[in-house]
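Thanks for coming. I will talk through one structure for a few minutes, and the picture goes up now.

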Amino acid sequence: MLLRLHSFFEHQLEYTFGFAFNLINALLCTGGGLLVYLAISYAYYTIAKRRGIRHPGIAWVPVARAWILGSISDQYQYVSQRKVKNRRKSLLTLNIIRACFGASWVALAFFASMVELALGDIRLQNAFLLFWIVLIIPGAIFSAVAIALTVIQFMALYDVYRSCQPDNAVVLLILSILINVSVPVILMLLCNKDLGMPPRKENAQPSFDSSGWQSNDRNSTNRGPEL
């Protein structure tokens with residue numbers, strides 16, 4: 001009897017500690033992810049607002065904030081090299097595609113699980129074909145989109161680093177690639193700097209290029225196109 005009680009309480013204690021550990025771990029991961037999101041959004045918002053990019057508040061919106069990162073990159077490319085890159089459009093488009101594919105992949109995975117439960121005696125080759133069609137193909141497309149998005153994001157981040165602190169831009173980019181969690185810290189440290197931006201021109205007149213972009217401030221600045 002005592003052995004049974006000891007075993008019961010030992011099992012309950014292990015279950016309680018296991019549940020508590022998982023709960024704390026989930027809360028820490030969620031809280032950490034939220035802090036990272038807020039830090040990056042704040043940095044994008046601060047840079048975009050100071051440089052005259054339209055609608056900087058989009059930096060706080062999931063998925064759509066890629067537009068602000070792309071706009072900061074596009075503005076820097078324009079004012080420093082007079083190049084029109086349109087990375088804001090590429091980043092936003094790829095982010096939307098990734099979000100849609102991610103949601104679809106989860107839905108299809110759930111559907112495949114339900115089919116497998118409903119058809120427990122399905123033939124092995126048919127089950128493998130179903131798994132391939134429902135999971136592998138969308139997963140491959142999702143991976144390709146994610147890779148393309150990651151490459152363009154780092155290109156845009158490199159422009160942000162060059163516009164804020166050009167002397168250390170390469171080192172910061174390498175650090176961002178190797179240690180991804182360093183990105184919010186780097187952005188927070190750089191978001192109030194404009195060391196790589198062209199100097200302001202007093203009484204500058206508005207200028208346009210072939211795409212119809214106009215400089216931000218008629219009287220005091222030459223920060224490039226209004227995005």
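Which residue forms a salt bridge with D194? That residue is R51, and the closest N and O atoms of the two are 2.7 Å apart. A salt bridge here is a side-chain nitrogen of Lys or Arg within 4 Å of a carboxyl oxygen of Asp or Glu.

Before going on, a word on the source. This is a predicted model, in which local features need pLDDT of at least 70 and side-chain atom pairs count only at pLDDT 80 or more, while totals for chains, interfaces and linings use all residues. Residues are numbered from 1 along each chain as its sequence is written, and side-chain values use heavy atoms, with hydrogens and water left out.

Now the overall layout. The protein chain has 6 helices and 0 strands; helices (H or I, at least four residues) and strands (E, at least two) are DSSP runs, numbered from the N terminus. Of the 227 residues in the protein chain, 33% are buried. Buried means under 20% relative accessible area, exposed means over 50%, and partly exposed is in between, with a 1.4 Å probe and protein chains only. Contacts are heavy atoms within 4.5 Å. Among contacts in the protein chain with a separation of 6 or more, 61% are between residues 24 or more positions apart.

Back to the salt bridges. There are 5 of them in the structure. R51 is buried, at a relative accessible area of 1%. R50 also comes in, as R50, R51 and D194 are linked in a network of salt bridges.

Another salt bridge joins R88 and D74, with 2.8 Å between the closest N and O atoms. R88 belongs to helix α3 (residues 87-118) and D74 to helix α2, 14 residues apart. Both of these residues are buried.

R162 and D159 form a salt bridge too, their closest N and O atoms being 2.7 Å apart. Here both partners lie in helix α4 (residues 124-164), 3 residues apart, about one turn of the helix. R162 and D159 are buried as well.

What does the side chain of R65 reach at 3.1 Å? The backbone oxygen of Y37. R65 is placed in the loop between α1 (2-50) and α2 (66-81). R65 is buried yet has no salt bridge, and D74, the nearest side chain of opposite charge, is 16 Å away. For charge, Lys and Arg count as positive and Asp and Glu as negative; His and the chain ends are not counted. Leaving aside residues up to four places away in sequence, R65 touches Y37, I40, S41, Y44, I58 and A59.

Last, the aromatic rings. The structure holds 1 aromatic pair. The rings of Y45 and W60 have centres 6.1 Å apart and planes at 45°, so the pair is tilted. The rule is that rings of Phe, Tyr and Trp (its six-membered ring) pair if their centres lie within 6.5 Å; planes under 30 degrees apart are stacked, over 60 edge-to-face, and the rest tilted. Y45 is in helix α1 and W60 in the loop between α1 and α2, so the pair ties together parts 15 residues apart in sequence. Y45 is partly exposed at 23% relative accessibility, and W60 is partly exposed at 35%.

Methods: A polar contact is a pair of N or O atoms within 3.5 Å; within protein, one must be able to donate a hydrogen and the other to accept it, and residues adjacent in sequence count only if both atoms are side-chain atoms.
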